[in-house]
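Open the model in your viewer and keep the selection tool at hand. The tour goes stop by stop, saying what to select and what is there.

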Amino acid sequence: MTDHKDTSLPFEISDASEQKLWQALGDLPRAEPSADLCRRFYEQLEKADRPSLGARIRGWLGLSNNTGWVTATACLLMGFAVAQLSVESDTMQPDRLIALEENIALLNRELVLDRLKNDAPGTRLLGIHNASYLVQDDQEIVQALLVRATEDRSPSVRSAAIDALGPQLSSAAVGDELMNLLESVESPIVQLALVDLVLRNGNQQQLDQLLRLGNEERLHPDLIRHVNKSLGRESI
Amino acid sequence: MRAVSDEQLIEWVANGDASCLGTLFERYHKGVYQFCLQMTRNPEQAEDVVQEVFMKVLRKAGTFRHQGTFKAWLFNIARNTTLDYFRNNKRHKVLAPLDEHAESRLVDHQSAEAVTAGAQKIELLERALAMLPLNFQEVILLGRFEFRNFEELAQALGCKTGTARVRMHRAMQQLNVAYAELNGDPFDD
């Protein structure tokens with residue numbers, strides 16, 4: 001919404017009293033909508049966004065696009081191969097088993113990365129859930145999660161990615177990126193995820209930065225209260 | 001920071017990602033609410049209209065043609081939805097009476113000496129605005145609070161730029177007259 005106190009006159013009005021009226025209109029009371037409006041909107045949006053049962057099953061299985069089908073087929077073939085080899089395990093070379101396990105892990109990782117780039121938000125959320133188990137040891141997964149956290153168009157996907165990156169907050173690369181995001185993000189949902197993350201896993205410097213943002217009233221008012229309560233402060 | 005444009009977001013909504021409407025809602029629901037509230041003068045009904053506006057955006061996302069801004073398109077839907085609301089609630093068509101809360105505030109204003117003269121003027125201005133026909137109210141509200149040029153304002157009103165210009169001129173004249181009738185004098189600082 002534009003600044004209604006602005007005294008500039010975008011429309012040509014020659015009459016002096018009309019000009020004063022125009023400026024006085026900027027002082028009309030501007031009431032805030034109730035929180036109920038947001039709640040009702042997001043409830044309706046969730047209903048509207050809910051895919052059909054078939055689409056949900058395909059999405060859940062990661063089969064909503066061709067890459068998903070190819071990866072699933074590859075996993076299936078590898079599964080048959082492992083089953084066959086396990087039957088013959090008495091004669092099996094241990095290094096061949098290790099190689100097969102590595103291949104399966106690799107395919108699983110590719111599937112997760114593929115899900116993180118999927119067009120459907122539900123599949124990206126599933127990918128984030130899977131990625132949260134791999135995030136400790138895999139920098140490519142960390143980077144893919146960071147992209148979701150900072151650039152995803154869906155606030156719910158962004159907040160899930162932020163949660164998944166929780167244990168990485170102490171690393172400089174992830175910590176700096178997420179704290180920069182906290183400085184600039186508009187969505188209260190994403191702000192909430194970041195604030196919770198800092199309160200849970202943040203170091204002293206990150207907590208100080210959070211307090212500063214609260215002091216400057218750059219967080220949603222409810223979040224400022226949340227920070228106060230969590231840190232046992234009366235006011236920031 | 002606004003990384004993704006409104007027009008890109010509505011395209012994603014049209015392609016089936018309804019969650020992007022949440023971002024557009026966060027950007028514009030307060031502005032749409034203010035417009036609907038000034039038109040309906042009833043907070044609960046204004047929220048119902050805002051809800052309906054964004055659900056219409058979801059249903060009609062595929063019809064957005066990028067010939068104007070998303071914001072102008074959104075406020076055009078808000079305007080039409082508000083007019084539908086008035087058609088379905090004919091008793092509200094005459095807007096001069098304020099709601100109970102506003103009337104009680106006005107009485108308090110007139111009786112309490114502590115209230116400033118400036119606040120009284122704003123109260124009178126609100127009443128004068130409410131006395132105008134709907135098409136004059138909407139051009140003033142959208143022109144004053146949401147749009148900075150006649151091209152976008154005309155898109156929001158669904159008319160030609162020249163028509164918007166003339167309507168604004170006449171609306172301001174009529175507002176001035178209505179204010180003078182209520183106050184006894186023309187508006188003055």
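**Stop 1: the interface**

Colour chain A and chain B separately. About 4,800 Å² is buried between chain B and chain A, and carbon and sulfur atoms give 60% of that area. Buried area here is the accessible area (1.4 Å probe) that two parts lose on being put together, summed over both. The size of an interface is often given in this way, as accessible area lost when the parts come together.

Now select B:Arg144, B:Phe145 and B:Arg148. These residues supply 17% of the area that chain B buries against chain A, more than any other three residues.

Next, select the residues in contact, meaning heavy atoms within 4.5 Å.

**Before going on: how to read the model**

This is a predicted model, in which local features need pLDDT of at least 70 and side-chain atom pairs count only at pLDDT 80 or more, while totals for chains, interfaces and linings use all residues. Residues are numbered from 1 along each chain as its sequence is written, chains are lettered from A and ligands numbered from 1 in the order in which they are written, and side-chain values use heavy atoms, with hydrogens and water left out.

**Stop 2: links across the interface**

Select B:Lys30 and A:Glu32. Their side chains form a salt bridge, 3.2 Å from N to O. The term means a side-chain nitrogen of Lys or Arg within 4 Å of a carboxyl oxygen of Asp or Glu. Across this interface the rule finds three salt bridges.

Then show polar contacts. Each is a pair of N or O atoms within 3.5 Å; within protein, one must be able to donate a hydrogen and the other to accept it, and residues adjacent in sequence count only if both atoms are side-chain atoms. Between chain B and chain A, 10 residue pairs are in polar contact, both residues at pLDDT 80 or more.

**Stop 3**

Select A:Glu43 and A:Arg39. Their side chains meet in a salt bridge at 2.9 Å, N to O. Both lie in helix α2 (residues 35-49) of chain A; because they are four residues apart, about one helical turn separates them. A:Glu43 is partly exposed, at 39% relative accessibility. Buried means under 20% relative accessible area, exposed over 50%, and partly exposed in between (1.4 Å probe, protein chains only).

Go to B:Arg87 and B:Asp84. Their closest N and O atoms are 2.6 Å apart, in a salt bridge. The two residues lie three apart in helix α4 (residues 70-88) of chain B, about one turn of the helix.

**Stop 3: two positive phi angles**

Most residues other than glycine have a negative phi. Select B:Arg41, where phi is positive, near 60°. B:Arg41 sits in the loop between α2 and α3 of chain B. Is B:Arg41 buried or exposed? At 11% relative accessibility, B:Arg41 is buried.

Now select A:Glu217. This residue has a positive phi of about 55°. Look for A:Glu217 in the loop between α11 (204-215) and α12 (221-231) of chain A. A:Glu217 is exposed, at 66% relative accessibility.

**Stop 4: confidence**

Colour by pLDDT, the predictor's confidence in each residue, from 0 to 100. Chain B has a mean of 83, and 81% of its residues reach 70 or more. Among its elements, α3(B) has the highest mean (94) and α5 (residues 100-111) the lowest (46). Over residues 93-110 of chain B the pLDDT is below 50. Where pLDDT is low, the predicted coordinates should not be read in detail. The model scores ipTM 0.78 and pTM 0.53.
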